[in-house]
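I am opening a notebook on a structure that is new to me. The entries below record what I looked up, one topic at a time.

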Amino acid sequence: MSLTSTASATESRRADATAVAGTCPDSLVQAVRAEVRPGLGWQQTADCVARALRADLPDPAAILPAPLRRGDPAGYQSHLLYAEPDGTFSISAMVWLPGQQTIIHDHVAWCVTGVLQGREYEEIFTLADGGRALRLAARNVNPAGAVSGFAPPGDIHRVRNTGDTVAISMHVYGADISRLGNSIRREYTLPVQP
């Protein structure tokens, strides 16, 4: 099958995702909570949370201890910073060594990302050929300070660190990743059409 689930990967990461690995500024948690509380549609919520994150992007040293900011040669790392007790959102930091990337995937809910250090290259895909392939729809280079939000459908993407230094980004998800293990709904192994 060319479309795979992350259920087994989620189970193996569940224990790691439940431990808070860093610190999220209380002002940011309160700002995100205020934007999530009205219960707007997913894209509207992502846009509002993106504005809040853009106004309060933290320094990587303020949210992660030095050992976690170094990265891991085994793969990019996701560190849970906060999970809202009612499950409506969670905040994590991702650390990428040069060349590390995600698989092509989509999400269980809306997502907002902010690049804190380095740069991230994102490829956005659409389903093509009756769902049997992917087509590249957009490419974005996101430097430090870039913030973007998106929501399903239309959130199929792949992210990589194309820089020559460690990249660190903050991710706010409209789901509790401490319960789910991660925010990935589906991994795509479909062929990519030019």
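What follows are my entries, from the overall make-up to single pairs of side chains.

**Ground rules.** I am working from a predicted model, in which local features need pLDDT of at least 70 and side-chain atom pairs count only at pLDDT 80 or more, while totals for chains, interfaces and linings use all residues. I number residues from 1 along each chain as its sequence is written, and the side-chain values use heavy atoms, with hydrogens and water left out.

**Overall make-up.** I looked up the secondary structure and found six helices and 12 strands in the protein; helices (H or I, at least four residues) and strands (E, at least two) are DSSP runs, numbered from the N terminus. I then turned to burial, where buried means under 20% relative accessible area, exposed over 50%, and partly exposed in between, with a 1.4 Å probe and protein chains only. Of the 194 residues in the protein, 46% are buried. The accessible surface comes to about 9000 Å², and carbon and sulfur atoms hold 53% of that surface; the areas come from the Shrake-Rupley method with a 1.4 Å probe, and for residues only the protein chains shown count as cover. For contacts I used heavy atoms within 4.5 Å. Taking the contacts between residues at least 6 apart in sequence, I noted that 81% join residues at least 24 apart.

**Helix α3.** Which residues of α3 are buried? I listed T45, A46, C48, V49, A50, A52 and L53. The cover over these buried residues includes α2, β5 (111-117), β8 (147-150) and β10 (167-173).

**Salt bridges.** I searched the whole structure for salt bridges, meaning a side-chain nitrogen of Lys or Arg within 4 Å of a carboxyl oxygen of Asp or Glu, and the search finds six. One of them joins R33 and E84, whose closest N and O atoms are 2.7 Å apart. R33 lies in helix α2 (residues 26-36) and E84 in the loop between β2 (77-83) and β3 (90-96), so this pair ties together parts that are 51 residues apart in sequence. R33 is partly exposed at 24% relative accessible area, whereas E84 counts as buried at 7%.

I next followed E123, which forms a salt bridge with R158 in which the closest N and O atoms are 2.8 Å apart. This pair links distant parts of the chain, with E123 in strand β6 (residues 119-128) and R158 in strand β9 (residues 156-160), 35 residues apart. The side chain of E123 also meets that of R160 in a salt bridge, at 3.4 Å from N to O. R160 lies in strand β9 and E123 in β6, so here the parts tied together are 37 residues apart in sequence. I therefore recorded E123, R158 and R160 as linked in a network of salt bridges. Both E123 and R158 are buried, and the relative accessibility of E123 is 8%.

**Residue N142.** I placed N142 in strand β7 (residues 133-143), where N142 counts as buried at 16% relative accessibility. What does N142 contact, leaving aside its neighbours within four places in sequence? I found V115, G118, R119, E120 and E122.

**Aromatic pairs.** Rings of Phe, Tyr and Trp (its six-membered ring) pair if their centres lie within 6.5 Å; planes under 30 degrees apart count as stacked, over 60 as edge-to-face and the rest as tilted. A search of the whole structure finds two such pairs. Y76 and W96 form a stacked pair, 4.6 Å centre to centre with 20° between the planes. Y76 lies in the loop between α5 (66-69) and β2 and W96 in strand β3, so the pair ties together parts that are 20 residues apart in sequence. Y76 is partly exposed at 23%, while W96 counts as buried at 1%. The ring centres of Y82 and F89 are 5.8 Å apart and their planes are at 35°, so this pair is tilted. Y82 counts as buried at 19%, and F89 is buried at 1%.

**Cysteines.** With a disulfide taken as a pair of cysteine sulfur atoms within 2.5 Å, I counted zero disulfides. C24 is buried at 13% relative accessible area, and C48 is buried at 12%.
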